[in-house]
Amino acid sequence: MRGRLILAIESSCDETGIALIENGRRIVANVVASQVALHAPTGGIVPEVAARAHLRWIAPVLDDAWTDADAAWDDIDAVAVTYGPGLAGSLLVGINFAKALAWVHDKPLVGVNHLEGHVYAAWLHDTADDDRPDPVFPLVALVVSGGHTFIAEMRDHLTYRLLGTTLDDAAGEAFDKVGRLLGLGYPGGPAIGRAAEAATRHDRVFPRAWLGDSYDLSFSGLKTAARRIVTEARADAGLADEPDASLPDDVVADLAWGFQDAVVDVLTTKTIRAAEAIGARSIVMGGGVAANGALRARLAGEAEARGLPLIVPRPALCTDNGAMIGAAGARRFAAGERSGLDLDARPSLPLAAR
Ligand code: KG4
Ligand code: ZN
């Protein structure tokens, strides 16, 4: 028998995602229309282009989700939608679509914080008999996305205490910028991950911003160092006066590895230290950068060495999607939360305070 469903909509950045989530955790449908190809020529997201693409694709994405789910409006308990943080124009498309659906079908509307979605992706299951363990409280959550990077403590559902946050760039932003410096195109994150796998030397050392004992993070110095290191590598390769020539692939691979290793080292070390300090019983990680193979492997190894379960969604659930909004939305709905039809976009919506 079919359980109760949440219809969830995500449009905060450059992915149009709609999902149907059963009993708060099982993915019945999860359709994502990516705008990566659309933004590749500009090497980054142009907000108005992103908003128009959401407008173009949101209804077809919903149709595909219904087809995959084989469900009906009678099965739906509520419509959940990301209302921030994100690009205003992009958020407005999803929110307005969600409101129209909730109003026409007389269903409750639940506004969801996108960052809470990245955290709650850790509770998602692909099948009803999936025996993946649920995260256990207290836990430490590491969220690493294109716009946000922070470490938070959760002692219970839906409550967060900020332990540390980036003081400048998000980790994903640093990946994207350094990817561009290395001529790897857009988005830089996945491209750096792939390039680093081909590295052979593993001796390019990039600086780490430890910031003392703090759980805060900083990536802008790393980005500046990367610019200098790439300029030096170009000079070494005899390319100083040839701005259009690309570095040899093996040099790009070694540099990608060095940069990635610096990010992974700091994120892992601080997350593990935070987990030990609060007496965490598990760690969860989410956000686009959590799709990075090196970060997943390193954090998994260090967590296992301390007997700490690490719960990380599969890579497609780390990057933006509707299912994670459904997981968080179901939890908010169960806690009695409802949004009015006056729900507005909150581009700078925070998740946690210190
Ligand atoms: O969470 P997300 O999909 O969107 C935001 O909420 O920002 O994260 C996107 C970010 C981008 O910066 C992208 O380059 C990065 O996640 N990313 C990765 C990988 N896949 C996506 N970074 C490193 N390695 C990856 N495999
Ligand atoms: Zn995201």
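Tutor: Start with Ala 71, which is in contact with Arg 2, Leu 5 and Trp 66 once its neighbours within four places in sequence are left aside; contact means heavy atoms within 4.5 Å. This is a predicted model, in which local features need pLDDT of at least 70 and side-chain atom pairs count only at pLDDT 80 or more, while totals for chains, interfaces and linings use all residues. Residues are numbered from 1 along each chain as its sequence is written, chains are lettered from A and ligands numbered from 1 in the order in which they are written, and side-chain values use heavy atoms, with hydrogens and water left out.

Ala 71 sits in the loop between α2 and β4. Helices (H or I, at least four residues) and strands (E, at least two) are DSSP runs, numbered from the N terminus. Val 28 is 43 residues from Ala 71 along the chain, yet their C-alpha atoms are separated by 9.0 Å. The loop between α2 and β4 also holds Asp 70, which is not a glycine but has a positive phi of about 55 degrees. Most residues other than glycine have a negative phi, and most peptide bonds are trans. Asp 70 counts as exposed because its relative accessibility is 67%; exposed means over 50% relative accessible area, buried under 20%, and partly exposed in between (1.4 Å probe, protein chains only).

Beyond β4 (76–84) comes another loop, between β4 and α3, where Pro 85 is placed. The peptide bond joining Gly 84 and Pro 85 is cis, with omega about -10 degrees. Helix α3 itself covers residues 88–105, and its 18 residues reach 26 Å from first C-alpha to last, close to the 26 Å expected at 1.5 Å a residue. The expected span is 1.5 Å times one less than the number of residues. Among the buried residues of α3 are Leu 91, Ile 95, Phe 97 and Leu 101. Just after α3, Asp 106 takes a positive phi of about 55 degrees.

Further along is helix α4 (residues 114–120), where His 114 and His 118 are four residues apart and therefore separated by about one helical turn.

On a 1 Å grid over the protein atoms alone, a pocket is an open set of points where a 1.4 Å probe fits, with protein on both sides within 12 Å along at least five of seven lines; lining residues have an atom within 4 Å of a point. The volume of the largest pocket is about 1,200 Å³, and of its 43 lining residues the closest to the centre are Gly 146, Gly 172, Asp 176, Pro 187 and Gly 288. A volume is the space filled by probe spheres set on the points, which are joined across faces, edges and corners.

Pro 187 lies in the loop between α5 and α6, and a cis peptide bond joins it to Tyr 186, with omega about -10 degrees. Gly 279 follows α8 and has a positive phi, near 70 degrees.
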